[in-house]
Each structure stands twice: as structure tokens, then as C-alpha cells.
Amino acid sequence: MVDQMDIPPSQLLRLLQTEIPSNDEKILRSHTIWLCLNCEMCIGRCPMEVDIPPMMDFLRSESIRRKMVNPKAGNIIAFHRSFLESIRYTGRLFELGLVLSYKSKTFHLFQDAGLAPEMIAKGKLGFIPERIKKVADMKRIFSRTLKKGGQS
Amino acid sequence: MARIGVFVCHCGENISATVDCDRVAENASGLPGVVHSVDYKYMCSDPGQTLIKEAIKEHKLTGVVVAACSPRMHEPTFRKACAEAGLNPFLCEMANVREHCSWVHEKTESTTQKAKDVVRLLVEKVKRNEALQPIKVPVTKKAVVIGGGVAGIQASLDIANGGHQVLLVEREPSIGGHMSQLSETFPTLDCSQCILTPRMVEVAQHPNITLWSYSEVIGLDGFIGNFTVKIRKKAKSIDEHLCTGCGLCTQKCPVRKIPSEFEQGLGTRPAIYTPFPQAVPNKPVIDKLNCTYYLKGRCKLCERVCPTQAIRFDQPDEIVEVQAGAIVLATGYDIKRTDFFPEYGYGKYKDVIDGLQFERLASASGPTGGMIRRPSDGQIPKNIVFVACAGSRDPAKGIEYCSKICCMYTAKHAMLYKHKVHDGTPYVFYMDIRAAGKDYDEFTRRAIEVDRTKYIRGRVSRIYEKEGKLVVVGADTLLGGQKVEIEADMVVLATASVANPGSEELAQIVHVSYDRYKFFAEAHPKLKPVETNTAGIFLAGACQAPKDIPESVSAASGAAAKVLGLFANDELTREPLVAVVNRMAPPLFSTCIGCFLCQPVCPYNAIEREEFKTRDGKLLKAVARINPGLCQGCGTCVALCRSKSIDLYGYSNKQIYTEVSALLDEALV
Amino acid sequence: MKIGFYPGCSVDGGSREYKESCRALAKAYGIELESVPDWNCCGASAAHNLNRELALALPARILSLAEKAGMTHLLVPCAACYNRLMLTQHELMKDETLRKNISEVTGLEFKGTCSILNVVQWIQKWILPELPEKIKKPFDYKVACYYGCLLVRPHKVLKFDRPEDPQSLDEVMKLIGATPVDWAFKTECCGAGLSVSKTDVVADLSGKIVRDAVYRQADALIVACPMCHSNLDMRRREINGYLKQNVSLPVIYVTQAIGLALGIDRKELGLHRHFVPVNLPEKAEATK
């Protein structure tokens with residue numbers, strides 16, 4: 001993924017070490033933090049065991065909180081939000097709903113349109129969202145975690 | 001009646017900045033028994049010492065307390081000053097008001113109070129000090145050097161040239177160590193064997209050196225000047241006096257496929273072998289684990305071909321005890337092997353090798369005759385990648401420290417490669433180039449500028465095999481972490497230097513301390529770099545920490561100088577701070593009840609059994625006796641003695657009780 | 001015998017053939033997979049990106065429910081769910097305050113008593129022992145075992161297999177008669193986390209994996225994660241575009257491969273649901 005990143009992770013760490021606010025801002029506005037897939041390869045190989053993945057998690061939520069999200073990350077965040085919205089109301093992921101919600105957020109109406117018919121033919125795509133019995137639990141979890149400075 | 005003098009030192013501002021020294025001196029003058037008390041800026045200076053000497057004479061002092069630094073620093077200074085003024089040196093005590101007081105506390109009233117208290121304790125103690133006489137012990141003027149690499153060789157030669165006997169003990173069949181495996185040496189590129197083998201021969205020929213190869217130290221008793229070293233001489237299965245080293249047996253031996261230790265597994269050797277042609281001693285040993293006769297009970301081909309009938313299949317290991325006055329540890333180091341590195345293939349790629357293997361490939365005496373050929377198919381690699389810091393400076397998966405020699409030998413490897421494969425390209429992945437040493441940085445620059453080695457600053461995250469090539473994936477951090485992929489024909493890992501296997505065991509046998517990496521620990525990192533915490537045992541070379549050849553040789557000569565200094569004495573003076581079992585006139589002889597529980601706890605085997613008998617030989621009583629030559633004054637027996645019959649000179653129970661109660665009395669007031 | 005089962009949304013939905021093959025395997029062994037009652041989504045790749053507490057609370061609810069149902073072992077076939085559940089258990093067990101906070105959020109007690117198993121651990125524990133005598137048709141193919149990220153990393157938390165060049169799937173495959181190839185992309189990321197939102201990047205990452213497996217002459221890719229599967233299988237059109245060739249290498253779940261060796265019906269294993277048809281060469285069909 002490094003080829004795609006505007007700041008490589010090693011430089012991102014260096015920027016953090018400087019403790020200069022303008023560098024912090026540079027990080028929070030970067031595309032990098034949204035491209036990190038948390039594949040955990042970095043910590044697997046790092047001789048200093050710098051635990052980058054949770055750091056990236058933190059930087060992403062901080063970037064949203066301080067309204068510094070990189071414009072190129074719009075799709076990625078839209079997807080994450082559609083995902084969480086889906087489980088917020090039903091407790092489980094409704095894949096068709098997720099895709100539709102994501103498309104309406106990003107206007108990528110035709111992307112992946114080819115996949116759906118085949119998925120339906122293979123019996124992979126359900127049309128009715130599954131709801132858990134205690135959806136109230138989801139409401140409780142979402143409202144209690146998100147109110148503390150989080151985001152969705 | 002005690003007449004005590006107290007001398008309070010300011011130590012410049014080290015003490016006086018936080019402790020009110022004149023008030024400490026003034027307070028001391030009021031203590032019972034103190035007849036003289038002063039403070040001074042530098043008590044350890046000449047005028048300061050004169051102050052003490054004059055006071056001893058003028059006030060007829062019977063005891064002296066110097067309130068200054070730790071006794072580890074200046075106790076000898078002040079005791080000597082007292083002795084010069086005619087006072088028994090063991091009537092001088094130091095009150096540590098620097099390390100125990102001024103350095104560790106803020107400037108407050110209680111800091112000065114603590115200094116006063118410390119002085120008071122020592123005044124009470126010194127009143128109960130006894131005049132003691134130093135203990136004299138003889139010195140055995142023979143050194144045992146353990147390990148026959150370049151450090152052990154140098155130390156042996158220096159001690160032997162100083163006129164003393166040396167026993168050099170080497171675990172392998174030949175001396176020479178890792179240096180004998182190297183092709184060329186940095187920063188001069190001179191041939192390693194060419195400079196080492198003359199020294200090896202000198203060892204063999206030196207009248208003062210006895211060489212026991214294929215031998216291991218398995219026990220050590222005694223103390224400085226008087227060690228008893230127990231050595232196992234492993235059976236070589238040959239009669240060394242008869243063997244002429246003709247080599248016929250090694251040529252005829254039918255077992256030929258044993259990976260050679262000397263060739264780092266890149267070549268093979270027979271079951272009866274000398275590790276390399278210039279081996280010293282140049283006589284073979286039989287590897288019992290691989291010899292057909294030892295495994296299956298038949299063969300004996302070597303016995304049939306030996307022209308001097310020197311083969312001895314039934315030779316047993318021999319265990320020998322040797323007396324020695326000093327020990328030099330020179331057991332060297334080892335390196336991590338390629339199977340240590342998960343991301344570099346766990347050793348499964350034949351063409352990923354370590355630095356010592358590359359040395360053998362580059363060596364004219366090596367398995368390829370000095371041609372750089374890769375192990376898998378013997379091809380000459382056109383792209384070669386050297387990875388520095390493989391396992392070093394890697395707290396997560398390797399070792400934390402810098403292995404120190406790799407930057408230099410990697411530059412050397414790249415140069416040697418380029419000198420042999422003109423159209424090839426050497427790459428070096430590095431974190432930093434650490435080339436601090438005489439002509440070292442110039443050397444690495446040469447590798448880059450003259451020999452056109454491509455240095456890439458970054459780590460290698462992964463190596464995998466593809467289409468007969470090794471794909472090396474790394475980063476170029478000088479290009480902002482840009483990904484680099486090199487399709488290499490061969491990869492050399494500069495693997496971390498680590499302590500030798502067995503170093504921990506040896507340290508425990510000879511009672512020296514070692515660090516968390518199992519390297520032997522020096523007594524002081526700066527001022528006692530070749531001494532250990534055990535008097536009479538010295539360190540040489542890379543058994544202490546990774547070292548290159550010049551450093552190993554310097555350390556070896558340093559250790560030899562210490563040994564020669566020790567051997568310049570016919571007898572040694574030891575502080576008489578030893579334990580004693582009390583004695584008295586018959587009918588009691590001693591309060592010792594003869595339980596001898598003290599015997600097993602003594603770490604120095606210093607406790608003996610003494611029997612009192614009637615004239616006709618009837619046993620009256622057996623009591624413990626402590627050999628003052630062996631006792632190190634640790635006090636374990638004192639604490640254990642149930643009848644309170646043992647006391648420690650200089651730290652008697654009475655002295656300690658007095659110190660404690662002096663403190664408590666004041667606290668209660 | 002009964003053991004706890006957390007399918008997760010993908011395995012319950014778009015990747016249902018994984019669930020079907022797990023259940024088929026369990027059936028053949030007389031094991032009952034009992035779903036966690038009223039289970040919810042673990043938050044997977046989305047929650048931790050946006051909110052840490054949410055990313056912990058969602059899996060915590062699942063684990064609490066499993067504990068409440070008396071489950072001592074919980075099979076989590078989806079590697080992503082397995083990873084989230086393990087990370088949550090690890091975080092909550094080492095920090096008591098956090099554990100209290102999260103329990104307060106979910107309204108359920110969390111004790112950390114449930115042992116979480118990935119599919120390979122489940123196979124090792126319950127399927128392997130009687131495997132040799134149950135094999136009807138050895139799975140005699142060259143396979144490239146693809147572990148992905150989430151099954152083996154972070155090693156400090158999961159403590160499963162070795163993080164570089166893992167071997168556990170290869171060992172399982174050997175037992176059913178397959179020949180695992182030594183290849184270079186066992187644990188490289190396929191990019192599933194951005195499958196929908198950055199499809200171009202994903203074709204690149206997954207393409208390299210497929211290309212190496214083909215180069216090593218594998219007949220099939222073996223996976224243990226629905227994310228990896230849908231990426232390597234459903235996104236094959238994009239991958240083919242990236243590789244500029246049509247690759248017919250099928251992507252098979254480890255449970256499906258074992259099922260085939262046990263002679264379980266292809267349909268019961270859900271093989272008909274794959275985008276890339278699972279048409280393994282005939283040679284093995286003959287070697288019975």
C-alpha cells in the first residue's frame with residue numbers, strides 16, 4: 001500500500017516524534033491514515049515493535065473529530081459509515097443494504113453493478129435484512145460509545 | 001581510652017553543596033571519645049592527607065574517621081596515610097557522606113543530620129576496631145588461558161614472553177578460532193591466515209607455552225595466585241607422540257560427507273580430521289559421533305594405514321588438575337545462523353548465507369578455492385545483496401546491541417566480491433554505517449566510491465525465492481521510504497554476533513559474572529576493562545562483547561599485562577577481613593560445637609575441620625577452622641553459626657551492633 | 001458433542017458456502033455447531049477505523065453472550081471476526097478498567113472464559129484425529145495455502161502458528177493428500193478492507209497473490225477467510241484485468257477441500273456458489 005500513500009508510515013512516525021502541531025495536522029490531513037489496512041505486517045517486521053495499527057485507528061478517529069479528513073478518503077469513510085449504519089439498526093450487516101447505502105453516499109451508482117446479479121444467482125445476496133432480537137442492545141452500544149467524542 | 005579524630009571532606013562542592021560540612025565537624029567534636037574534628041575542601045589531596053597524619057601524631061589518635069566518598073574510592077588512600085603516621089591502617093574508617101548522602105538528597109536540614117548520624121555510627125564502630133595484620137599468600141606463577149583464538153594466542157604469547165609458564169586450553173582440535181576462517185581482514189585487506197599462522201606456530205614452538213587442544217575447563221577452585229583448574233582432555237583417539245601428522249588416515253577415511261565446522265557447512269570433512277591444513281597442532285582427531293568404528297564396531301581403516309601405529313580407539317578422556325596463579329578467559333563469540341530469521345526464509349534458501357560462510361567462499365583455502373560461487377548451483381552471482389544489522393539492533397526479534405564488526409566486514413565483503421566478480425553488482429542494505437576506527441571510514445568510503453557498491457539506507461523486510469532468484473524487498477529511507485526490490489543471485493546476512501554457546505556454563509564454573517547477553521562482565525566498564533569481579537581472572541577478546549581483531553588483540557595484551565603484574569610478586573597481600581572461629585584455652589578450646597553446618601554454605605571451601613586430641617590420640621573435640629588464605633570475608637558462615645562462634649574481622653558482631661544502637665539511641669532521643 | 005459457533009455476517013451472508021462447508025464437516029463428525037444466541041456483527045474492518053470503544057464493545061457483546069450460553073470453545077471461521085474477537089479478549093483481559101467500561105456499555109458481564117478458535121485450530125482439535133480413516137478420495141492436488149493477515153497477525157495476541165511462512169494449513173492439506181507449494185505470498189495482504197472503496201488497489205494486491213500461486217503451478221488456492229475468498233474469487237474480473245490474462249485458479253476454503261476428500265457432495269459444500277468455477281483437473285478424480 002505504501003506506493004499509494006502520500007506519507008510513508010516511517011515518515012508519519014517521524015512527524016509525530018517532532019511534536020510540532022503543524023506536523024500533527026499534516027498527519028491528520030493525510031491520505032495515508034485511511035489507506036492503512038491494518039494488515040499488521042509492519043509490527044510483525046519492525047525491530048522496535050512500533051505498534052502502528054492501533055496508532056492508525058487513533059489517528060483516523062482524531063482526524064474525523066478535528067474535521068481534517070483528507071478529501072480523497074471520502075469513499076473509504078463513506079463505506080465504513082454505511083457499514084456501521086447497517087449494523088446499528090439491525091445488529092448485523094445487510095450486504096445489499098450496505099452496497100446501496102454506500103452508493104447513495106458516493107454516487108458510484110454503477111460500480112460493482114455487475115457483481116449483484118451473479119451474487120443473486122449464486123444465492124449469495126439476501127434481500128431482507130436479518131435483525132437480531134435485542135436491537136436495543138445495538139442502540140445502547142452505539143449511543144454510549146459514540147457520545148464520548150467518537151464518530152460514525 | 002579512645003582518642004578518635006574525625007575529618008570531614010567537602011569534596012569540592014560534591015558534598016558541601018548539600019551538606020553543611022563545618023556543622024558536621026563541629027557536631028562530631030562533641031561525640032564521646034572524639035578529641036579532634038576538622039573539615040577540609042579536599043581530604044584526599046596531599047595537604048588533606050598531611051592534615052590527618054599530623055593530627056594522628058599531635059593528638060595521639062587511636063582511631064580515624066574520614067567522612068568523604070565511598071570506601072571503594074579512597075579507603076586505600078586514607079589507610080595508607082594513617083599507616084605512614086604510625087597508626088594501624090585498619091583503625092581508619094570511612095563515613096560515606098557523598099554517595100550515601102549528598103549525591104542522593106536535596107539540600108535540607110535532614111541531609112546534614114544524616115551526615116552527622118553516619119559520622120556518629122562510624123565513630124562508635126572505630127572505637128571497637130582492632131589492629132589487624134594483612135594476610136600474605138604465595139603466587140603460583142603459571143597462567144591458564146582458556147580459548148585459542150587470536151585473543152588467547154596473543155595473551156599466551158605475551159605472558160610467555162614475559163617469562164612465565166602458560167597453559168593454553170582450546171576446545172576445538174586446533175587453535176586459530178574464527179580469525180583462521182577469515183579470508184582477508186579490514187581495513188588493510190591483508191590475508192587473515194598469513195598474519196595469524198605465524199602466531200599459531202609461535203605458540204606451538206614457545207618453550208613457555210603448553211597447548212592442550214580438544215580440551216575443556218570443567219572446574220575451578222581457589223583464589224587469585226592459587227587456582228586449581230580441572231581440565232578434561234577429550235580423547236583424540238590417537239597417540240600424539242607417535243602421530244607425525246602425515247595425513248594418510250584423513251585421506252583414506254571412508255566417511256567423507258560430514259559438514260565441516262571450519263568451512264561453516266559449505267565443505268565436508270572425514271571422520272578423522274584436522275580442521276584445516278595449517279592447524280596447530282597438526283594432528284588429527286577422530287570424531288566419535290561420526291566414525292564408523294564407534295558407530296558400528298568395524299572399519300578401523302585408519303589404524304591399518306597409519307605408518308606409525310598411532311591410532312588408539314580405546315583412548316579415554318583424561319581429567320587433569322592444574323595449579324595456576326591467573327586465568328585468562330578468551331573464549332570468543334559466535335554468530336546467529338540464517339535459520340534465525342523468519343522473514344529471510346528460516347534458513348531454507350541455500351543462497352542466503354551468513355558472513356562467516358562468505359569468508360569461506362572468498363578464502364583461497366575455502367571450498368570454492370576463493371571463487372565466489374553460490375551454494376545452490378555453483379553459479380557466480382551477478383547481483384549480490386549484503387544485509388547489515390541482521391538481528392542486531394533489533395529488540396523485537398533479535399538482540400538489542402550493535403554487533404560492531406558487521407559494518408566493516410560487510411564493506412570488506414562487497415569489496416572482495418567486486419575484486420573477484422568485476423561485472424557483478426554488490427548492494428548493501430544498512431541502517432547506519434558505523435565505521436569508527438583508524439582508517440575505517442576511509443575503508444567504507446572506498447567500498448562505495450572505488451568499488452561502486454550500491455549502499456541503500458534501509459532495512460530488508462523480506463526475502464523470497466522466485467524463478468531461481470532471491471527477491472529482496474526493502475526500503476530506501478533516503479528516498480522517503482521508497483520500496484526497493486532487487487532480484488539477487490545470492491544474499492549475505494551480516495548476522496548478529498552473540499556469546500558463545502557454553503559461555504554461561506563456563507562463567508558459572510569459574511565464578512565470573514556475565515551480562516544479560518551471556519557475555520562475560522568486566523569489573524568496571526571504563527577503568528577495569530580486562531578484569532573480572534573475581535580477582536585473578538581476566539578477559540581477552542570477544543567473549544566480553546563483540547570486538548574486531550585489533551580490539552581483541554589489545555584486550556589480550558592488556559590482560560597479559562595484568563597477569564605479568566600479578567606474577568611480579570612472590571606473594572600477595574590480602575586484606576585481613578576474614579572470618580575466624582574463636583579459640584580459647586582448654587578445657588573449652590572454642591565455643592564452636594562442631595556442627596559443621598558452616599562447611600556446605602561456604603562458597604570458597606575455606607572451612608576445615610580441626611581436632612583436639614589427648615596425648616594418647618583420643619579425640620576430645622572437633623571444631624571448625626577457617627583457612628584465611630581461602631576466606632573471602634563474605635560472612636555467610638557468621639550469619640549461619642548457631643553458637644555464635646564465628647566473627648568477621650573488621651565487621652564483628654560487636655561492631656555492627658554498636659553501629660545500629662548508636663543510630664537507635666539518637667532516634668529515641 | 002456441541003461447540004459454540006460464531007458465523008459472523010459474511011459467513012452467514014455473501015460467503016455462506018464457508019458456513020455450509022463448516023456445517024457439512026461438523027455433520028460428518030457428529031459435531032453440533034451451536035450459534036451464539038442473538039449474535040451481532042463484530043464491527044469487522046469498519047468499527048476500529050472510526051471508534052475504539054465501539055470496536056471493542058461489539059465483539060464484547062458476542063463473547064459475553066457466548067459465555068452466558070455456557071460455551072467453553074467458540075469456533076469463529078471468519079479470520080476477520082476471529083481477529084477482532086481475539087484482540088478484544090486480549091485488550092479487555094489486560095485492563096480491568098476498560099473491561100468494566102465496556103461491560104457497562106454492553107450491559108453484559110465479560111469474564112474472558114471462552115476459548116476462541118479459528119478454523120484451523122478447530123480442525124486440528126476435532127477433525128484431524130479421525131481424518132486419515134475417513135478419507136474417501138485423497139485431495140491429490142498442488143495447493144497454495146493462503147493465510148492472509150488476520151489469521152496469524154499480530155502474533156503476540158493470536159499466538160497462532162508462526163507469523164512468517166506459517167505451516168498449519170499446509171500440514172492439514174498434506175493430511176488429505178494435497179501437495180502444498182512453497183510460495184511467497186502466504187501472508188501478504190489481499191486488500192479486502194478496501195475491497196469496495198478502493199477496488200483498483202485491491203486488484204493490484206490480490207493480483208500479485210494469484211500470480212505467484214499460478215507461477216508455483218498450484219491447482220487451487222486454499223483459504224480460511226471469507227474476506228480473502230471474496231476478494232480473490234469475486235474480484236477475479238478486476239484481478240484478471242490487472243494481470244492482463246484470464247486466470248482460472250479456483251479459491252477453495254480449507255473446509256471445502258477437506259469435505260471433498262471426505263466425499264461430501266459438492267453442493268453441500270457450496271462449491272456451486274463460487275464465481276471462479278471449481279473444476280479441478282480430472283487426474284485426481286481417477287485416483288480413488
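Predicted model: local features only at pLDDT ≥ 70, side-chain atom pairs only at ≥ 80, totals over all residues.
Helix axes are here lines fitted to C-alpha atoms over the stretch in contact, with angles running from 0 to 180 degrees between N-to-C directions. The axes of helix H7 (residues 119-127) and helix H14 (residues 254-261) of chain C come within 10 Å of each other and cross at roughly 30°. Since angles under 35 degrees count as roughly parallel, H7(C) is described as roughly parallel to H14(C). On the H7(C) side, the contact is made by C:Val119, C:Val120, C:Ile123 and C:Ile127, and these meet C:Val254, C:Thr255 and C:Ile258 of H14(C). By class, the residues of this contact are six nonpolar and one polar, with no charged residue.

Chain C also holds an open sheet of four strands, in the order S6-S5-S7-S8, with parallel pairing. Strand S6 (179-180) and strand S8 (251-253) of chain C each have a single partner strand, so they stand at the edges and one side of each is left without a neighbour in the sheet.

At 1.5 Å a residue, its 19 residues should span 27 Å, and the end C-alpha atoms of H15(B) are 27 Å apart, which agrees. Buried residues of H15(B) include B:Ile549, B:Val553, B:Ala556, B:Ala560, B:Lys562 and B:Phe567. Among the elements that cover the buried residues of H15(B) are strand S6 (142-146), helix H6 (150-161) and strand S29 (537-539) of chain B.

The contacts between chains complete the picture. Chain A contributes 49 residues and chain C 38 residues to their contact. On the chain A side, helices H4 (41-45), H5 (52-65), H6 (74-90), H7 (95-106), H8 (115-121) and H9 (135-146) each supply at least two residues, and H9(A) gives the most, with eight residues. This side of chain A divides into 21 nonpolar, 13 polar and 15 charged residues. Between chains C and B, five residues of chain C are in contact with five residues of chain B. The side of chain C that touches chain B has two nonpolar, no polar and three charged residues.

How values were computed
Residues numbered from 1 in each chain as written. Chains lettered and ligands numbered in written order. Expected span 1.5 Å × (residues − 1). Buried ≥ 20, exposed ≤ 12 C-beta atoms within 10 Å, placed from the backbone. Contact = placed C-beta atoms within 7 Å. Parallel < 35°, antiparallel > 145°, perpendicular 65-115°, else oblique. Nonpolar A, V, L, I, M, F, W, Y, C, P; charged D, E, K, R; others polar. Pairing = 2+ DSSP bridges.
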